[in-house]
Every structure is written in structure tokens, then in C-alpha cells.
Amino acid sequence: MAEILKGLPVGQALDEKTKETVERLKERGILPSLTIIRLGERESDDAYLRGIHKKSEKTGVNVNVLMLPEDISEEDYLREVKRVSDDPAVHGVIMMRPLPKRISFNKARALLDYRKDVDGCTDGSLAGVFADMGHGFPPCTAAAAMRVIDYYNIDVAGKLVCIIGRSLVIGRPIAMMLLQMDATPVICHTKTADVKALCKKADIVVACCGRPELIGKEYLSEGQTVIDVGVSWNEEKQKMTGDVNDEEALAIVGALTPVPGGIGQVTTSVLMSHVAEAAQKLNGETT
């Protein structure tokens, strides 16, 4: 039976470190603060925001939601992004997405100070991840997967890692961070020939393709570690599911992150830690 790599203890350990950092900064009169720019009220955003507010209570990070009207013009939206980015009292900013087609996300992210980009969307943050420059922040979900790998002492050096998905939010950043840890990452996508055979050869599989329960027994082999980053809703089974078919995977692999209860439990903890770290850097502290 596979070991279940639960996210809860990972998040709790990270929250404690963040809380210590926040308390130390507060003694200096600095309140680490996150501003969430929200456009209209989408029900799909509510659960994520509730999770952020809970982590705010646990860590002491201050969270403000800037609610903008759903019909706001691109000009006014961009003005608000620039205003928040320039506010010295704000240390971290995230923009709830997707944005409507009339508003260019590329224009918006170009206005955000990469030092306050706590979810890795700016060119500065992505350059920091890809070139290992130590500035900016990786996307929170990708960083959460790496936190789980570190917490459970999963040795990646010299290991073949098959990453199923090539997005800038998860697949490609994870590949770069694993490469920096001396792993051998292979990114698979819809045009990759014989993905199943590649996955079977891997020591570690990272599933981040957004296809519910796509990864079944025909992709997996004994002893593998499987990091499931996908989150979907299975209408037929009326449950949340990941990109991995848990029932089939658990009978084969050595270790697996569950959905729910895996990477998602760590993502908001990573966000809080990024805000605290940004506050440190912006106020002249090394991390």
C-alpha cells in the first residue's frame, strides 16, 4: 500500500515558521500585508479566499481584498494594479483570475513590482525561477509541490521526474526547481509521443495537466512517488479529484499526494510565507 503524503503537516510546519517571521517583523513596526485584487464576485473564488483568510488568522499576515466592479474598464483596472503595487504598506499582491477579455493580463502583470509578486506571474519572478537568481517568487502551487517533496525527504537528485503538463503556473516552474536540485525532469504534453511509457520509467511523476483521473495504472510502476497537483470536480462520483486515479495508483506506487488533502493544503501556506518573505526583503532583511 502506498504512503499517503498528506499536505496538512507540511502546511502546519510552514505556518509556524511564517508566524515567527511575522511576529519578529511586527516588533519592528512592520505588518506583512497582502492585497488581493478581485474583479466582481465569482463563486469559484470564494473557497480560495476563505482559505487565505484562515491562514491569515494563523500566521498573522494582514490580508485585504480590493473588490473592483465587474464592469471596470481596462484603464481603471490597470490604474488600481499600479496604485496597489506602489503602496509601501503592501508587501504582496495577487490578482484573481481569469480576467475578462477586455483586460490584458500581460499589461496588468507588467505593472506589478516583481518583489511583491507573491504568486509568480511577472517576468521578474519567472526569470528568478528559471535562472535561479533568488529574486521574486515561484507560483504558489508549484512551490507547494516542492515543499511537500522537501518535507517528506524525497530524494530527487539524479532521479528521472516525469512532469505531465507544461503550464507557466506549475509544469515549467516545477521542472526548473527540480533541475536546480539535480533531478532530471522531463516535461510531457499533448504532443509528447508515448507519455505512458515515459511515465512508467520515471522515479517521480508530477501530474499537473488538469485532466481528472487521467493518470491510471497504465502510466505507473511500482515504487514511484506521485505528486498530484490537479484539482477537478467529478460530477459522476460527486467528489473532488486530481489528475491521478487514486484507486489504481494506491495499489501500485510507493507514495502519493491525495486530492483533496495534498498539495492544496499547502498552497495558501506558501502564499503567506511569500508575503512574509517579501516584507523582510522590502525592509532590508535577508531571508
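Biologist: How many salt bridges are there?
Modeller: The count comes to 12 salt bridges, a salt bridge being a side-chain nitrogen of Lys or Arg within 4 Å of a carboxyl oxygen of Asp or Glu. This is a predicted model, where local features need pLDDT of at least 70, side-chain atom pairs count only at pLDDT 80 or more, and totals for chains, interfaces and linings use all residues. Residues are numbered from 1 along each chain as its sequence is written, and side-chain values use heavy atoms, with hydrogens and water left out.

Biologist: Which residues are linked in a network?
Modeller: Arg 38, Arg 42, Asp 45 and Asp 46 are linked by salt bridges. Within it, Arg 42 pairs with Asp 45, with the closest N and O atoms 3.3 Å apart.

Biologist: Is Asp 45 buried or exposed?
Modeller: Buried, at a relative accessible area of 5%; Arg 42 is partly exposed at 24%. Buried means under 20% relative accessible area, exposed over 50%, partly exposed in between (1.4 Å probe, protein chains only).

Biologist: What does Glu 80 pair with?
Modeller: Arg 83, at 2.8 Å from N to O. Both lie in helix H3 (residues 74–86), three residues apart, about one turn of the helix. Helices (H or I, at least four residues) are DSSP runs, numbered from the N terminus.

Biologist: Switching to packing, at what angle do H1 and H10 cross?
Modeller: Roughly 20°, with the axes of H1 (residues 8–27) and H10 (residues 264–282) coming within 9 Å. Axes are lines fitted to C-alpha atoms, for helices over the stretch in contact, and angles run from 0 to 180 degrees between N-to-C directions. That makes H1 roughly parallel to H10, the term for angles under 35 degrees.

Notes: Helix = DSSP H or I, 4+ residues; strand = E, 2+ residues; numbered from the N terminus. Parallel < 35°, antiparallel > 145°, perpendicular 65-115°, else oblique.
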